[in-house]
Amino acid sequence: MTINTTAFEAAKNVLVGGVNSPVRAYNAVGGDPVFMKSGSGPYVMAENNDRYIDYVLSYGPLLAGHANETVIADLHNAIIKGTTFGAPTIKETSLAETIRSFFPSMDKIRFVNSGTEATMSAIRLSRAVTKRDIIVKFEGCYHGHVDSLLVAAGSGGLTLGKPTSDGIPEAITNQTRVLRYNDVDQLTAFFQAEGNQVAAIIMEPVCGNMGVILPSMEFLNACRNLTNSHGALLIFDEVMTGFRAHKNGVQGMYDVIPDITCLGKVIGGGLPCAAYGGSRQIMDHLAPIGNVYQAGTLSGNPLAVTAGLAMMQLIKDFDVYDKAETQTTTLVSGLNEMIKQQQLPITINAVGTMFTVFFHKGPLHNLNDVSQCDMEMFKNYFHFMKSNGIIIPPSQYEANFVSSEHNDEVIETTLRTFKRFIDQMY
């Protein structure tokens, strides 16, 4: 019995399913999850001392790689002064100001501890501001495990949301509408029918939770224009794409500006931290100024804020985003060249420092397209890469991430391994 198997069996005795987040259980690909004990730069080390090139990077936060020296040193200096105070700190203000310099639409900011908290709070805020109840989301966009957002589309284009998790009453989700991503006609028809009752659209402006799916410019503009014309708000869930798709987020890349932005992952530098923000007019509805209540004992805690500030410094002063983006471009270009040469039914979607290898001839525009991928081939791909020292997310529906520490040697190793995979499978 391997160390991973032994560790997983022990974990299943005390942790539900042996994990604390479902995708970690490897249900989509089979086999036992790899238990990690350390990381350095672009590598992670398993409990059995196997070393892997890491394209998971904790699902996005580690833009500067594992155990970055600046982040670790700043955390060390912070932790000896105390871990949490439940009181304001100057560093909270500094981090908020720095985030705002990248995301000017976030005139005022509220820190929370997770992307789920950020989206949940943004929904409550949007309903209070508009005095409306209906929320629009798009299938394939994941916004955390918020009751009202854990829904999928029914067979009809404009059906009520149906819960996709037990424990969620339909009374909660019947104010959620689920539409197809990148479908301008459906979105327009929906707003003609119910637009005056909509509080907000919440969306991943570039999807990462069904793999990387890019929006059409027409679609993004339609979301912005229809919410404007019907008095609704537009919420961009940039928990994943903030500082990943672009230093200024998708909103900066496409110049489509939302009313509320949700951030997470990178802004915590590897520690739990998230935020939501918007104009003063909107954000001042929050307590203690307004009547929308939201609180958190550990929100803006000094350790997460310290790590976040260190990461922001690395982005501003040491070009870690630019380095990661350059290496992503090199990797994706190399993969695409091999795919083109052999005319393989594989499509790679990429943006900034994120990419997904889809086993589908493409193009892919929405969840239905992703669902047509060859899932068995993805399983083969996952296990081949893993057996050759490269760890990727264990699902076709996930994004891969590159850090500034994925140097030329790492990229070349990845390309050689991919070449061996396609030679073997095709």
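**Close-up 1. Phe355 is a buried residue of this predicted model.** Its relative accessibility is 3%. Buried means under 20% relative accessible area, with exposed over 50% and partly exposed in between (1.4 Å probe, protein chains only). Tyr55 also counts as buried, at 1% relative accessibility.

**Close-up 2. Tyr55 and Phe355 form one of the aromatic pairs.** The structure holds 17 aromatic pairs. Rings of Phe, Tyr and Trp (its six-membered ring) pair if their centres lie within 6.5 Å; planes under 30 degrees apart count as stacked, over 60 as edge-to-face and the rest as tilted. The Tyr55 and Phe355 centres are 6.0 Å apart and the planes stand at 80°, so this pair is edge-to-face. Tyr55 sits in the loop between β3 (51-54) and α2 (69-79), and Phe355 in strand β14 (residues 354-358), so the pair ties together parts 300 residues apart in sequence. Helices (H or I, at least four residues) and strands (E, at least two) are DSSP runs, numbered from the N terminus.

**Close-up 3. Phe190 pairs with Phe191.** The ring centres lie 5.6 Å apart with planes at 90°, so the pair is edge-to-face. Phe190 is buried at 1% relative accessibility. Phe191 is buried too, with a relative accessible area of 1%.

**Close-up 4. Ring pairs build a cluster.** Phe359, Phe378, Tyr381, Phe384, Phe418 and Phe421 are linked in it.

**Close-up 5. Arg51 places its charged end over the ring of Tyr43.** The distance to the ring centre is 3.7 Å. A charge sits over a ring if NZ of Lys or CZ of Arg is within 6 Å of the ring centre and within 35 degrees of the ring normal.

**Notes.** Residues are numbered from 1 along each chain as its sequence is written, and side-chain values use heavy atoms, leaving out hydrogens and water. In this predicted model, local features need pLDDT of at least 70 and side-chain atom pairs count only at pLDDT 80 or more, while totals for chains, interfaces and linings use all residues.
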